[in-house]
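Trainee: Could you take me closely through one part of this model, the open sheet and the disulfide that goes with its strands?

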Amino acid sequence: QVQLVESGGGLVQAGGSLRLSCAASGTIFSINVLGWYRQAPGKQRELVATMTGGGSANYADSLKDRFTISRDNAKNTTYLQMNSLKPEDTAVYYCNARHRFPTDSTWYDYWGQGTQVTVSS
């Protein structure tokens, strides 16, 4: 089992910045991806960014210029730096961890409890 604890959400004015953190604990296989998703009211959960253990990042096209994902493998922690925030970035942001055993093709998914980000205009 993997547990994810997010922090760093809050209320910020448009144009401001926030940094989210997500600490993963438990047994994490060597092949893993940590990432962030978000869900706004009335909308489906969507990809924000992910990063493999080797540092390969994947972003939602609309966010790559303002958001930066990073991770500290020694701490099993991922970060999301969000700059130039807009009211439409308001959502619950969820941390996600996916991993698989090297000899197994099955991926296992885990989710954090979510952290609210509210951007005021």
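Mentor: What follows treats the sheet, then the disulfide, and lastly a threonine in another strand. Please keep in mind throughout that this is a predicted model.

The open sheet has 4 strands in the order 1-3-8-7, and their pairing is antiparallel. Strand 1 (2-7) and strand 7 (67-72) stand at its edges with a single partner strand each, so each has one side that is left without a neighbour in the sheet. From one strand to the next, the twist averages 15 degrees. At the edge formed by strand 7, 6 bridges join this strand to strand 8 (residues 77-82), the two running antiparallel, and within this pairing Ser70 has Tyr79 of strand 8 as its bridge partner.

The link is left-handed, with -85 degrees about the S-S bond, and both Cys22 and Cys95 are buried.

Turning to strand 11 (residues 115-120), one finds Thr115 there, and this residue is buried because its relative accessible area is 10%, where buried means under 20%. The side chain of Thr115 reaches the backbone nitrogen of Gly9 at 3.3 Å, and the residues that Thr115 touches include Glu6, Leu20 and Tyr93.

How values were computed:
Residues are numbered from 1 along each chain as its sequence is written. This is a predicted model: local features need pLDDT of at least 70, side-chain atom pairs count only at pLDDT 80 or more; totals for chains, interfaces and linings use all residues. Side-chain values use heavy atoms; hydrogens and water are left out. A disulfide is a pair of cysteine sulfur atoms within 2.5 Å. Buried means under 20% relative accessible area, exposed over 50%, partly exposed in between (1.4 Å probe, protein chains only). A polar contact is a pair of N or O atoms within 3.5 Å; within protein, one must be able to donate a hydrogen and the other to accept it, and residues adjacent in sequence count only if both atoms are side-chain atoms. Contact means heavy atoms within 4.5 Å. Two strands pair if DSSP finds at least two bridges between them. Axes are lines fitted to C-alpha atoms, for helices over the stretch in contact, and angles run from 0 to 180 degrees between N-to-C directions. Lists of a residue's contacts leave out its neighbours within four places in sequence.
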